[in-house]
Amino acid sequence: MSDVGKHSGEPVEETPVVVPRNRLLGLAAGVTGTLIAWGFLVWQAIEFGGKARDGQGLAWFFLFVATLGATACLFATLILTTKLIATLRGDVPPPKSAGPPGGRRAAR
């Protein structure tokens with residue numbers, strides 16, 4: 001019989017994950033800011049929707065702009081939250097190494 005399994009064999013020491021605090025702080029601030037902006041734009045869209053139903057024609061334009069802005073803010077919030085969770089898990093990709101300038105063609 002051979003040892004097959006996750007816990008068989010020699011123990012392997014894992015290195016602790018170093019969490020970059022500046023990146024966490026920036027991502028947390030970005031998530032908070034975009035979430036607050038999203039809430040404000042949703043509130044404004046509701047207000048403009050009420051004004052548009054009352055007959056103010058220009059309110060339809062502002063309703064459209066506020067809706068697009070709220071959608072973009074929520075999308076950005078989701079992206080930043082995903083990056084924040086990945087950073088907390090330690091899945092941050094290493095920085096790109098500086099290769100030869102000019103791409104593949106210049107490397108020939």
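How many aromatic pairs does a search of the whole structure find? The search finds three, where rings of Phe, Tyr and Trp (its six-membered ring) pair if their centres lie within 6.5 Å, with planes under 30 degrees apart counted as stacked, over 60 as edge-to-face and the rest as tilted. The model is predicted, so that local features need pLDDT of at least 70 and side-chain atom pairs count only at pLDDT 80 or more, while totals for chains, interfaces and linings use all residues. Residues are numbered from 1 along each chain as its sequence is written, and side-chain values use heavy atoms, with hydrogens and water left out.

**View 1. The chain as a whole follows the pattern α-α-α along its sequence.** The chain holds three helices and zero strands, both taken as DSSP runs (helices H or I, at least four residues; strands E, at least two) numbered from the N terminus. Of its 108 residues, 17% count as buried, a class that means under 20% relative accessible area, with exposed over 50% and partly exposed in between (1.4 Å probe, protein chains only). Among contacts (heavy atoms within 4.5 Å) between residues at least 6 apart in sequence, 70% join residues at least 24 apart.

**View 2. The rings of F40 and W43 form a tilted pair.** Their centres are 6.1 Å apart and their planes stand at 45°, which is why the pair is classed as tilted. Because F40 and W43 are three residues apart in helix α1 (residues 21-53), about one helical turn separates them. F40 is partly exposed at a relative accessible area of 47%, and W43 is likewise partly exposed, at 48%.

**View 3. F48, F61 and F62 are linked into a cluster by ring pairs.** L58 lies in helix α2 (residues 58-89) and counts as exposed, at 58% relative accessibility.

**View 4. R23 and L88 are 65 residues apart in sequence.** In space, the distance between R23 and L88 is 10.0 Å, C-alpha to C-alpha. R23 lies in helix α1 and is partly exposed, with a relative accessible area of 34%.
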